[in-house]
Amino acid sequence: MNVAVLGASAKPERYSYQAVKLLREKGHAVYPVHPSLREIDGLVVYPSLDRIPDRIDTVTLYLSARNQAGVAEALLVAAPRRVIFNPGTENRNLEARLQDAGVETLHACTLVLLKTGAFAP
């Protein structure tokens with residue numbers, strides 16, 4: 001499964017960094033997204049969703065609602081099958097727009113989903 005980690009971090013203590021590592025360990029193709037990073041543990045980091053060369057199945061979101069304004073349109077254009085709103089990223093307006101566009105939304109912790117075997121649809 002192709003998974004974009006929106007708000008990826010190179011800091012090991014961050015949940016988004018841990019998600020990148022665990023997604024890769026679980027065999028997913030991981031596409032970290034951050035505008036100013038170039039690499040995380042050997043993975044290319046994309047400056048934006050529209051720069052990812054492959055179709056994305058799932059976007060796992062690690063940006064607070066106040067930092068999501070610039071990515072809303074990119075999410076709609078990318079049209080992933082689902083977007084996971086991790087704790088602290090809840091945004092009713094963005095969620096409604098995604099659902100109206102046919103994108104499944106989920107309020108969950110990506111790390112918990114991966115550790116319990118519930119990540120894959």
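In which strand is the place of Thr58? Thr58 belongs to strand β5, which covers residues 58–61; strands here are DSSP runs of E of at least two residues, helices are runs of H or I of at least four residues, and both are numbered from the N terminus. The model is a predicted one, in which local features need pLDDT of at least 70 and side-chain atom pairs count only at pLDDT 80 or more, while totals for chains, interfaces and linings use all residues. Residues are numbered from 1 along each chain as its sequence is written, and side-chain values use heavy atoms, with hydrogens and water left out.

Thr58 counts as buried because its relative accessibility is 0%, where buried means under 20% relative accessible area, exposed over 50%, and partly exposed in between, with a 1.4 Å probe and protein chains only. When neighbours within four places in sequence are left aside, the contacts of Thr58 (heavy atoms within 4.5 Å) include Met1, Asn2, Val3 and Ala4, as well as Pro80, Arg81 and Phe119.

Strand β5 is part of an open sheet of five strands, paired in parallel in the order β2-β1-β5-β6-β7, two strands being paired if DSSP finds at least two bridges between them. The edge strands, each of which pairs on one side only, are β2 (29–33) and β7 (104–107). Between β5 and strand β1 (residues 2–6), which run parallel, there are four bridges, and Val5 stands opposite Thr60 in β5.

Side chains of opposite charge can pair when their charged atoms come close. Across the whole structure, three salt bridges are found, each defined as a side-chain nitrogen of Lys or Arg within 4 Å of a carboxyl oxygen of Asp or Glu. In one of them, the side chains of Lys21 and Asp41 meet at 3.4 Å, N to O; this pair links distant parts of the chain, since Lys21 is in helix α1 (residues 15–25) and Asp41, 20 residues apart from it, is in the loop between β3 (39–40) and β4 (43–44).

A salt bridge at 2.3 Å, N to O, joins the side chains of Arg97 and Glu73. Because Arg97 lies in helix α3 (residues 92–100) and Glu73 in helix α2 (residues 72–78), this pair ties together parts that are 24 residues apart in sequence. The side chains of Glu104 and Arg81 likewise meet in a salt bridge, at 3.2 Å, N to O. Here Glu104 lies in strand β7 and Arg81 in the loop between α2 and β6 (82–85), so the pair ties together parts that are 23 residues apart in sequence.
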